Amino acid sequence: MRVFRFENEYRKANSYIIDYGSESVILVDLGGPSIDSLVEWLNEKSKKVGGLFLTHEHADHSIGLLKKDLLGSFKVYCSEYCGSNLSNPKRNFSLYSSDVPILDKAISFGAVYDNQTVFINGLQITPLHTPGHSPGCVTYLIGKYLFTGDSLIPGIPIVTQLPGGDKEASERSKEKIKSKINLKTLICPGHGPIVSGERYLSETHSLEWLQE
Ligand SMILES: [Zn+2]
């Protein structure tokens, strides 16, 4: 399994392609506003999209949905909260930014639930409900990869001041995510580079504890 990170122009949010040897790939988040580099990658490798998993509804992670048709037809998965606020420009915050178009297009979605594993062409995807940054935030565990969205970004404090944010919930979610991190984990956050579990644990002083 290989994971490719695409940094989007808008707020430098990450979109990820997960290539697991099937003719289709899985996407995690779809920022933008341009999705040209994703489309190009897919065309070059002759891959289809087998599904999109959203970490949350904020436009920097979802504005690419306006161009969804360029990627073919596939199902969007996210939490119920994310899905029901995805097309609401006040809740996805696209209303408040002049850098992106308004995201108000109705998007149908399949809801994911905490710890209820989803299989896409044999690929196992485990959603973990990690509220705090937004009530509907989900972290996805796929193999050794953890897609944390804005629920955990190594080295950066989590934003909980936005409407729907909850500092205490965020702290609990961070602990929940940390409990899934081991030396072999690769943390794929919503912003910034992919960070190894080993580096994360040593920088957060959890390594000695883990090795005891
Ligand atoms: Zn966000």
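This is a predicted model: local features need pLDDT of at least 70, side-chain atom pairs count only at pLDDT 80 or more; totals for chains, interfaces and linings use all residues.

Biologist: How many helices and strands does the protein have?

Modeller: Helices (H or I, at least four residues) and strands (E, at least two) are DSSP runs, numbered from the N terminus. Here there are six helices and 12 strands. The radius of gyration, taken over C-alpha atoms, is compared with a globule rule of 2.2 Å times the number of residues to the power 0.38. The protein has a value of 16 Å, close to the 17 Å that the rule gives for 212 residues, so it is as compact as a globular protein of that length. Along the principal axes, its C-alpha atoms fill a box of roughly 50 × 40 × 30 Å.

Biologist: In what order do the strands lie in the sheet that contains E1?

Modeller: Two strands pair if DSSP finds at least two bridges between them. This open sheet has six strands in the order E1-E2-E3-E4-E5-E6, with mixed pairing. Strand E1 (2–7) and E6 are at the edges with a single partner strand each, so one side of each has no neighbour in the sheet. Six bridges pair E1 with strand E2 (residues 14–19) in the antiparallel sense, and Arg2 stands opposite Asp19 in E2.

Biologist: Which order is found in the sheet that contains E7?

Modeller: That open sheet of six strands runs E7-E8-E9-E10-E11-E12, and its pairing is mixed. Its edges are strand E7 (118–120) and strand E12 (195–196); each has a single partner strand, so one side of each is left without a neighbour in the sheet. E7 is joined to strand E8 (residues 123–129) by three bridges, and the two run antiparallel. Phe119 stands opposite Gln124 in E8. E7 and E8 form a hairpin with two residues between them, and Asn121 in the turn has a positive phi of about 45°. E8 and E9 run antiparallel, joined by four bridges, and Thr126 has Leu141 in E9 as its bridge partner.

Biologist: Which residues have the most contacts inside the largest nonpolar core?

Modeller: A residue is buried if 20 or more other C-beta atoms lie within 10 Å of its own, exposed if 12 or fewer, and partly exposed in between, with C-beta atoms placed from the backbone. A nonpolar core is a set of buried Ala, Val, Leu, Ile, Met, Phe, Trp, Tyr and Cys residues joined through C-beta atoms within 7 Å. The largest such core has 43 residues, and Val28, Phe53 and Cys78 have the most contacts inside it. Strand E3 (residues 24–28) gives the largest share of this core, four residues. Two residues are in contact if these C-beta atoms lie within 7 Å. Leaving out residues up to four places away in sequence, Phe53 touches Ile26, Val28, Tyr77, Cys78, Ile125 and Tyr140.

Biologist: Why does Ser94 count as buried?

Modeller: Ser94 counts as buried because it has 25 C-beta neighbours inside 10 Å. Ser94 lies in the loop between helix H3 (80–85) and strand E6 (110–111). Beyond four places in sequence, its contacts include Ala59, Ile63 and Pro89.

Key:
Residues are numbered from 1 along each chain as its sequence is written.
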